[in-house]
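Hi there,

Here is the structure I promised to pass on to you. Have a look at it first, and then read my notes below.

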Amino acid sequence: MLSNIFKKTIIFASIALAAATASAAEPIKIGSVLSVSGPAAFLGDPELKTLQLYVEKINAAGGVLGRKLELVHYDDGSDAGKANSFTKRLIESDKVNILIGGTTTGATMAMAPLVERASLPFISLAGAVVIIDPVKKWVFKTPHTDRMAAEKVFEDMKKRGITKVGLLSETSGFGASGRKETQHVAGKYGITLVADETYGPKDTDITAQLTRIKNTPGVQAVFVFGLGQGPAVVTKNYGQLGMTSVPLYQSHGVASDEYLKLSGKAAEGVRLPTPALLIANALPANDVQKAVVTGYDKTYRERYKAEPSTFGGYALDALNLSVDAIKRAGSTDGEKVRAALEGTKGFVGTTGVFNMSPTNHMGLDLSAFRMVEVKNGDWQLLK
Amino acid sequence: MLAQFLQFLYSGMTVGSAYALAALGFTIIYNTSGVINFAQGEFIMLGGMFAALLAGGGMPLPLAIAIAVVATGLVGLVMEKAVIEPAQNAHVVTLIIITIGASLTLRGLVQIFLGKATHSLPPFSGDKPIEFLGASLLPQSLWVLGVTLAVVGALAWFFGRTLLGKAMLATSHNKLAAQLVGINTRVVLLLSFGLSALLGALGGILVAPITYTSYDAGIMLGLKGFVAAVLGGLGGGVGAVAGGLILGIIEAMTAGYISSSYKDAVPFVVILVILFFMPRGLFGAKISERV
């Protein structure tokens, strides 16, 4: 009888012990909703690959706070509505500790109200200013804003004494938002936008718009705000019309080697703001970001045999910021992690150096962008 | 003033001849089956993608082009065999919906197996612009225009002078009567898909050096090509080419003289107006119903 009770106690004790160890080793769940398919796939695809690669690496190195990371991922197919329902699922049934994602601004804005209500720390990978302005308690973001790109370009124009600029923007969300921000900050740099033309993202010939800009009196430079192949068509048409005496500026939307490949010789002399990753190898050795960007560049190339994109860099920064915040918080408690994220100071990522605060949930300044010029078919860092 | 007008005109002609080549493909299949093949844009994309990838892989340009055209032609034949033929007794509307499904499938396959990146193809005879009366034109635009005209001529000869071409025309006029005089209408339909795939591929390759190509390049070209074909009356080659050029030139003139914001809207308004007054298109045949 007694031995029977003793046996039962042992069994209970061992079950309880097993349960305790299990909870200690329970993984930290990182939820993500990205646009891996659909029109925004060129952004979401490298983002997911980067998250998978680095979650694996962090786990191989022993995880965080002695616990493994577990990535719970859903693909929203570039549909903001789906991003919303997957977020619900991540909060209610997967019970994730932190959320990364929202490849596009549309998806992010669809996810934001849910995380606010659930008190879940959330780092977005989308560009627009609206995500963090006005500040939302639980929402952070890693990419630069389009406003910063416009400011960086105007800063360079001011240095060259350019005051009259022709604006050519894409009718896509990226271009339209860029156009608005460009108009918003132009005055601050003493720049007048003398022309305001647009083109469609799939347009194959933009000479008509460029001819109009060319014939605008007093135009000293042209600024193009677009993504993908459109800006390459603009660049080629620019060469065709012999406008090379007027400096051409592009936005960070074309900061990839693909742009060089597509526009060829016509791209000579084009200037644009870019994150440090694009020119990883050309950065001076004493640059604060040198080690981070060359490390990411090498790791990504080794695994996927492809050029890493700045978009993947946004995801990497979001993951590392989360890990950093969880470590500093010493737990995965939502409020503690959020406070730690907000207290991030001097964190060096691929996108720039992050200094978050209760009023700034992005934490980047203009130094996160580097001005480059295309020379001999390659990027050259401008001083 | 003149230079500016010419620049808009060249721009319109370059874009318009791409639309015209797409429109030609629509008319061929429509003529033999009454079906609007919404996978036509995908044929254009396939031609451009195959050629760009092969040429990018180091293959000489002429060989890459030849292989791309033939391969796309085969895709057209396979598509007809696999999805159109099993449903050939279905209503025309059903067939049209099937072509939409086929186009989504083709686009998805290319996206998965050939990637989502944008590719370029080197121009056939350099990229030094030709100056004429103060406006400049890329040599590749002349290639597009020239080949488009040559294709129209070849098609006129094919449909007017060869037995096979006449058989295809006969099938379009009256399928039952064509069968009764011994025409294998099944083969005719198969060939029309192969032929329009060939033409689509050719168009895609010709415009790739100007417009670049990617897995989704066919959507817009297919749509505009369809509009051009309707504008031209869905009849013969001349209508398709005229429709394409008119569409391209209206677009360029709108962007140039009015505003680039209205560039895509004005052509559609013009088309609505034209179709309102001329429901069969600019070059459509008049149909008289016998009672």
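Leaving aside its neighbours within four places in sequence, which residues is A:His361 in contact with? They are A:Ile132, A:Val135, A:Lys136, A:Lys137, A:Val139, A:Phe140, A:Lys141, A:Arg338, A:Glu342 and A:Met356, where contact means heavy atoms within 4.5 Å.

Before going on, please note that this is a predicted model, in which local features need pLDDT of at least 70 and side-chain atom pairs count only at pLDDT 80 or more, while totals for chains, interfaces and linings use all residues. Residues are numbered from 1 along each chain as its sequence is written, chains are lettered from A in the order in which they are written, and side-chain values use heavy atoms, with hydrogens and water left out.

Back to A:His361: you will find A:His361 in the loop between strands E12 (353–354) and E13 (370–375) of chain A; strands are DSSP runs of at least two residues (E), helices of at least four (H or I), numbered from the N terminus. A:His361 counts as buried because its relative accessibility is 1% (buried means under 20% relative accessible area, with a 1.4 Å probe and protein chains only).

Now for the two chains. In chain A, 28 residues are in contact with 34 residues of chain B. The rule finds 1 salt bridge across this interface (a side-chain nitrogen of Lys or Arg within 4 Å of a carboxyl oxygen of Asp or Glu). B:Lys263 forms a salt bridge with A:Asp203, and their closest N and O atoms are 2.7 Å apart.

Enjoy exploring!

Technical notes:
Buried means under 20% relative accessible area, exposed over 50%, partly exposed in between (1.4 Å probe, protein chains only).
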